[in-house]
Amino acid sequence: MAAPAASTPLALELKGISKAFGPVQANKDISISVRPGTIHGIIGENGAGKSTLMSILYGFYKADSGEIYIRGQKTNIPDSQAAIAAGIGMVFQHFKLVENFTVLENIILGAEDGALLRPSLAKARKTLKTLAEEYELNVDPDAMIEDLSVGHQQRVEILKALYRQADILILDEPTGVLTPAEADQLFRILDRLRKEGKTIILITHKLREIMEYTDTVSVMRRGQMTATVQTKDTSPEGLAELMVGRKVLLQVDKEPAKPGDEILKIEGLRVVDEAGVERVKGIDLTVRAGEIVGIAGVAGNGQSELLEVLGGFQDATGSVTVNGQELPLSGHGADGQARRAAGIAHVPEDRQKEGLIMEFSAWENSVFGYHHEPEYQNGILMDNKGILAKAADQMERFDVRPPHPHLAAKNFSGGNQQKIVVAREIERNPDVLLIGQPTRGVDIGAIEFIHQQIVNLRDQGKAILLVSVELEEVLSLADRVAVMFDGQIMGERNASETDEKELGLLMAGVTGETS
Amino acid sequence: DPAVIFDLGGKFDKSFNEAGYNGAERWAAETGGKYLDIELQSEAQREQALRRFAEAGANPIVTMGFAMTPTIEQVAPEYPETKFVNIDGWANLPNVQTISFAEHEGSYLAGVMAAKASTSGTVGFIGGMDIPLIRKFACGYAQGVKSVNADATIIANMTGTTPAAWNDPVKGSELTKAQISQGADVVYAAAGGTGVGVLQTAADEGILSIGVDSNQNHLHPGKVLTSMLKRVDVAVYNALKDGADLETGFQNLNLASDGVGVAFDDNNASLVSAEMKEAVDMATKGIVSGEITVEDYAAAESCSVLEF
Amino acid sequence: MGKMPLWADAILVPLISLLLAAFFSAIVILGIGENPIEAFNLMVDGALKRSAGWGYTLYYTTNYIFTGLAVAVAFHARLFNIGGEGQAMIGGVGVALACLYIPWPHWSLAIVGASTAAALFGAAWAFIPAYLQAKRGSHIVITTIMFNYIAFSVLGYLLVEVLRPTGQMDPASASFPEATHLPNFHEMFAPEGSRMFRGAPANVTFFLSLLACVFVWVLIWKTRLGYDIRSFGFSETAAKYAGTSPVRITVIAMLISGALAGMMSVNTTLGESERLILNSTEGAGFVGIAVALMGRNHPIGILMAALLFGFLAQGGAELALWTDIPRELIVVIQALVILFTGALDNMVRMPLERLFLNFGRKENA
Amino acid sequence: MDFLTLLQVLDSSVRLAVPLLLACLAGLYSERAGIFDIGLEGKMLAAAFAAGAFAAVSGSVWVGLLAGIGASMILSLLHGVASITFRGNQLISGVAINMLAAGMTVLIAQDWFQQGGRTPSLLTEGRLNPINLPFADMFESIPLFGPTYSELVSGHSLIVYVAFAFVPLTWWILYRTRFGLRLRAVGENPASVDTAGVSVIRLRFTAVLICGALCGVAGAYLATGLQAGFIKDMTAGRGFIALAALIFAKWRPWYALWACLLFGLLQALAVRFQSIELAGIVIPVQLMEALPFILTVVILAGFVGRAIPPRAGGEPYVKER
Ligand SMILES: Nc1ncnc2c1ncn2[C@@H]1O[C@H](COP(=O)(O)OP(=O)(O)OP(=O)(O)O)[C@@H](O)[C@H]1O
Ligand SMILES: Nc1ncnc2c1ncn2[C@@H]1O[C@H](COP(=O)(O)OP(=O)(O)OP(=O)(O)O)[C@@H](O)[C@H]1O
Ligand SMILES: [Mg+2]
Ligand SMILES: [Mg+2]
C-alpha cells in the first residue's frame, strides 16, 4: 500500500463547498483533498451533510459556491453527465435503479451507444461478463432489479459506475443493508479497485470499516468538515468523539440475562407469499421474559416474513402464543391492532415505509398504530392535546433531535426517525418487543442510545425478538442467537458461546457439529 | 328594450334556439332596435335572468323552451306590467303569451316527402336526446311515412339520453351510417348540433336528409330533401315587433297558421317532384281541414305507428 | 432563518396567482374586442354588490363546497373520485324519492330526510367503484368515470319513463309538495317587505354545507377514522403495519365522499328547482375537483375556493346578461384561475421563497 | 347478425376507435414518462378546432392537420411548464387545460367566424377523404375476404392507417430504442435517469410534446376526417374514454389497441342496436346507451385486475425541497 509520490496530482480536491437547502445549511465551506489510489472514508452524524457533499460532487445537487478540481483540473460539474464524463461514479445510499428493468437495461441507461438498444445491450452484456470475471461481480444480466437481493442491487450500482469507466468511486453507506459476507465481498472488490489505482470515497457509520479499510478519514459535523486524519493515526474511540463531540460507548453495556417464563412461543410456523413461494418453512422458537433473542441470517431468508406474521400483517399457518394465549394467524383478528392488544410491540425493519407516516408530524407518529386505544380518545374525538403533550415528553426522554413534536417525520434524520419509532414501541411497555434492523443507517451516537433502551427493556423482564443482518449487533445485543436460512432455523446458540465464524457458517446453510 | 332568453343549448344550436335568434336578429335588422339576451348556462339562472331583465325594464321578455315554464309561473305574477313570452311552454297567466308548435304536423309532411323520395321503402329518424318532445317529432314523421307507404320501415334512433346528445356530430354520423346499412335512404334529423353530422354523412354517402327547425336546405344543396320548419323565428320576430302591446294567452302555431311546415327553395328544387309536392299539398289540406288528424305523442304518451 | 412565513404562503401566493389569472383573462377579453375593466365591474356589481347577487354566489358556493369536500375526503385516502357528478345525480334521485313519496309535515323534517336519502344514494353510487378498487383492483378513476355516464343514463331513464308526470314535456319529476320547500335567504333574512335576496336560490342548505365543512374537518383531523384515512393515503404499507384494513378504509372513504357529493343535490333539487331535473348537477362534480385541489383538501381552503368559483359563476351570469360576451368566456376565466392558483402556483411561490430567503440572510448578516 | 352487418359494425368500430386510439397512445407517451394527463380531452378539442378553422380558411386539410397538431402541442407545452418546470399538480393542470380548451375554442371560433362557435363546413379539399386501397374493387366478389377487404380494411382516411401503424411503432420505440428505454425509466424512477446523466426535464418535455402531437392528430381526425368542421364540445368525452382505455391497457401499446377497439366496438354496437327486444321485454335505450360503460366496469373487475401505473407517475421530480 505504497503512498503515491507527492508529485502526482490529487485525484480530487473540493474547495470551499457550501450548499443550503432553503434555510438548512447542509454544507458550509467544505474543503477536502483525496489522493489517487486510496480509500478515503467520511464519517459524521446523521444529517451532518455527507450525502449532500457527495451528491454535489456527482452533479446531483448544485453547490451554492465552491470549486471542484479533478486530477488537478478545475472542473465544472453542473449535472451528473459532467461528473460521469470526469470519471466519477456514485453508489447512492438509496439506490437509483429502475426496479422493473433488467440489470442490463439499468447498466446501459444513459450510456447507450446509439439510438437502438440491441447493439448497446449486446455490448453491455459482453463488458459485464468481463467485469464480472475481473471483480467477482456476478449478477444475472437479465434479472429484474426488484427480484434481486439488496446486495446484488448494489453490485449493479457498482457495475454501472465501472461500465462508465469511473475512476473515482463514491459509496454512500454501502454496507448498511449488506450481510457480513456481502460486505466482505464488497471490500475485497474495493481493495482490488484501489490496487488498480482507482480512488474510492466511502461514507459509513461503521467505525470498524473505517479502521480496517480506509487510508484517510474525514469527519463531518453539522455541515462542516471538522478533521481529516490518516486512519492509522487514529482509533475508533477518537473518531467517535470527533464525530459526536463527546465520548461514546462502542460496546453494548449489559448484565447477563436472567430469563424467566416463556412469553412468546412459536411452533411450526409456515408462510406462503402471494406468489405461492414458501418463505418460512416450519419454525419453532421461544422467547422468555428478560431475554433478547437475536435472529441472524442473510436478508431474504424469511426473517422479514417472520416479523410480519408476528406483527399481524402477513398470513401464516402454525401456532403462535403469547403468555399462553393463542394468536390467530390469518383472517379476522390477525392484524396489527390485535397484536398490539395481545402485548406485542413492533419496531419494523423499514422505518420510513412502515414505521412512520413521513408526512405526519412527530406527535401524530407517536401514537401510530396505537391511535385506536381508548387512552388517546376523548369521547368520539382523539385527544390530540394529550397526545401532543405525551409526545413532547417522550421526545425529550428519548433524546430526539430536534425535540419539536410539530415537525414532520420526514424532516428528521434517519437516526432520529428511528428514535421516534423505538420510543413509541417501548413506551407501551409491551410483553413482547419485535425489533427489526434497529440501527440500520443510524449514526453511532444514536446506536448507543437505542441499544441501551433495548437492554433496559429486557432488564424489566420483557421478551425481545431482534432481527438484524448485522452479525456484530446480534452478537453484542442478543443473549441467544438463532440463525435463519431458507425459511428454517439452522441452529440456536448462546451469544456468549459463539462467534461470527460459526454463525457465518450457519447463515450459509452449513450445519453440523462445530466445537 | 325587449329581451330574449335562450335555453341551455345556446343561441347557436343550429336548431330551436338558433331559429329564435334569427327571428330576433331579423327584428333588430329591420327596426334597428336593440334587445338584451342571455344564453342560460345553469338551471339557477332561469329565474335570475327573468328577474334581472324584468327589473331592468325589459318588455317583452321572450323565453325559449318548455323548461322556462315553471320559472315563469313563479316570476311573472310579481311583474304584472311586464309581458312574457314562453315559446314551447304551457304557462297560463294573464301577462304571459304561450306559444306552442304542432311539430307533429310538420313532421308528418316531412314523413310524406321522405316516403315519396325513398326507393328502398326504409327511412330513418335520428333524434337528439331522448325526451318526449323529440318523440313527438318522430311519431308525426312516422305517420306521414305510413300514410304514403303503409309497408315502409322506419328506423328511429336517439343519439343519447344526456344533453351531450345535442352536440355529438360524430355519433350522429355513425347513426346515419348504421341506418344506411339497414337500408334507409332518407334520414330525418331532429338532433340539434348532432344533426350537422347526420346531414353531412347523408350527403357524403349519397342519401337524402331532412333538416329541422330552421331551413337547413342550404347546408348541402341538392342533398337535403327538405327541412321541417318550426317558425320559432316568426314567433320571436312577431313578439318583438308587437313589443309591450303583444296579446297574451295561448297560441298554437300549426300547419294552418303556417307555424310549421316544410321548406321548398332553390336548394331542394331538383329533389322535389311534382307528385311529391302534390302529396304534401294534399296532406296539408287534410290536416288543416281536420280530415287527417296527426297523433300527438306529447298528448297521448304513446305512438301507434312507432315503438321507442 | 429566512424561511417564507406562513401568511405569505397562505395569502400572498394565491393572491398574486389570482392577479395573474385576472391579467390573462383581461387579455382574452381584449382579444375578443371587449373592455375587461367594464366586464370586471359588471361581475363584481352583479355578484357582490347586490344581495340577490350574493344569493346566487352562495348558492353556487354551496354546490362546490359539497363536491369539493367529496373529492377532498377521497383524496385524503389517495383515491381520486372523479365520480362526484354521477354521485350527485343519483343523490338527487334519493332526494326526489324522499320528497315525493313521504309526506313530510315540515321542511325541517324534509331536509333531514332528503339529506339522508341524498347521502345514502350518493354513497351507494360510490360503493361499487370503491368495492371494485379495494377488492379487485379496478382503477377507481376509470370506474368513477364510467359510473358518471351510467348515472346519466339511469337518471335519463327514471325521468323520461318513471318519474315524469304524464303529459309533461320536460324530462323532470313532479314538483315536490309545498311542505318540503326549503326557506331561502329571502325568507330567512329579508325584513318584511324588503327585496333583500329576492329571487335568489341560496337557501338553508348553505348552512348545511358549512356544517359539512366542520364535519369533514373534525372527521379528518380529529377522529381515529380520519387518522386512519390520512395515514392510509400517505402510505398503504404503513397503514397495514398499523393494522388498518385497506379494503375498509377505501370503502369507507368513498362512501363518505359519495355521500357528500350526493348531498349537493339537497341544494339543487330540493332547495332550488324543487323537483328533480335532468341537469341539476351542471358540472359541479367536476368543478369540485378543482375546488378541492385549490383548497389543498382542507375545508377552509375549499370554502374559499368554492366562494371564488361561486363568484365566477354568478359574475359570469351577469356578464352574459348585459353584454354580448359569449358565455364560454367564464369557462376560460375559470380555467385560468385553476391554472394559475392550482397548477402554476409554484411559479409565484419559488421566486417569493427566494426573495424571503435573501431578505432573511441580509437581516441576519 | 349477418356477415355484412357484422362487417358494418366492425367498420364503425374502427372509425370510433381511431380517435380513442390516437389519444390513448398520446397519453401513453406522457404517462410512461411520469406525467399524468387528464387533459387529453382538451387537447383533442383544441386540435379539432384549429384543424377545422385552418382547413376552412386555407382550403387545405394538410394545413388544418398541422394547425391542429400545433394547437394541441401548445397546450402540451403549458402542461409541461406547469407540471415539469414548476412542479405543479398534474391533475389540476389537466383540468384547467380541459376547461381552457372548451372555452377558448368557442370563443375564438365565434370571434373569427361568427357561426356560433362552429367553423364553416369543409369542402372536399378541406377534408381527409377515404382512401380506397388497391384491388378493393377487384376482390369485392371473393366471398368473405372480398367484402372484408373492401368494407373493413379499405376506404378509411389516411389517419386511420397512420393510427394503426402507430401501435407497432410505439411498441418499437418504447422497447427497442434508446429513447424508449429512457422514457420508461423516467416514468419509473426519474432519479435513476438523472444520476445516469440524462436530463429528466428534457425527456419529460419530449414525451409531453409527443403526446400533444398525437392528440393533435386525433382532434384533426375528428374535425376533418369524421366530420366536416368543428362543433363545440365535439370530442364529447372521448379524451376520458381514451384515458380509461389507457389504464385498461396497463399503459402498453398493443393492449391499448385492443382496449380502444373494444370501446369502439361497444359504442358501435350501442349505435347499431339501440333497443333490442329480449324475451319479449324491450330493453330501454338508456340501458343500451350505458352498456359500453357497464361492460367496461365488468371487464375491468372481472378480467383485468390491478393496473399498476408507472411508479413515478403524477409526482413532480423534486430533488431539493
Ligand atoms: N434534498 C434535500 N432537500 C432539503 N434538505 C435536505 C435535502 N437533503 C438533505 N437535506 C438536509 O441537509 C442536511 C444534510 O443532509 P445529508 O443527507 O447530507 O446528511 P448525511 O450526513 O448524509 O446524513 P445521514 O448520515 O443520515 O445519511 C440535513 O439537515 C438534511 O435535512
Ligand atoms: N427532501 C428533503 N427535505 C427535507 N429533509 C430531507 C430531504 N431529503 C432528506 N432529508 C433529510 O436529510 C437527512 C439525511 O437524509 P438521507 O437521505 O441521507 O436519509 P437518512 O435520513 O440517512 O435515512 P436512512 O439512513 O435511513 O436511509 C435526514 O434528516 C432526512 O430526513
Ligand atoms: Mg446520507
Ligand atoms: Mg442515512
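A polar contact is a pair of N or O atoms within 3.5 Å; within protein, one atom must be able to donate a hydrogen and the other to accept it, and residues adjacent in sequence count only if both atoms are side-chain atoms.

## Model and conventions

This is a predicted model, in which local features need pLDDT of at least 70 and side-chain atom pairs count only at pLDDT 80 or more, while totals for chains, interfaces and linings use all residues. Residues are numbered from 1 along each chain as its sequence is written, chains are lettered from A and ligands numbered from 1 in the order in which they are written, and side-chain values use heavy atoms, with hydrogens and water left out.

## Chains

Five pairs of chains touch, and chains C and D make the most contacts among them, a contact being heavy atoms within 4.5 Å. Chains A and B do not touch, and their nearest C-alpha atoms are 39 Å apart.

Chain A gives 31 residues and chain D 24 residues to their contact. About 2300 Å² is buried between these two chains, 55% of it from carbon and sulfur atoms; buried area is the accessible area (1.4 Å probe) that two parts lose on being put together, summed over both. On the chain A side, Phe60(A), Leu109(A) and Leu117(A) lose the most area to chain D, together 23% of what that side buries.

## Ligand 1

Ligand 1 lies between chains A and D.

For Tyr61(A), a polar side-chain atom is 3.0 Å from a nitrogen atom of ligand 1. Taken alone, ligand 1 exposes 630 Å², and the protein buries 75% of that (Shrake-Rupley method, 1.4 Å probe; for residues, only the protein chains shown count as cover).

## Ligand 2

Residues from chains A and D surround ligand 2, so this site is shared between chains. The shell has 13 residues, the closest being Gln93(A), Arg351(A), Lys410(A), Phe412(A) and Ser413(A).

An oxygen atom of ligand 2 is 2.2 Å from a side-chain N or O atom of Arg351(A), and for Gln93(A) the corresponding distance is 2.8 Å. A polar backbone atom of Ser413(A) is 3.1 Å from an oxygen atom of ligand 2. Ligand 2 alone exposes 600 Å², of which the protein buries 68%.

Terms used:
A residue is near a molecule or strand if one of its heavy atoms lies within 4 Å of it.
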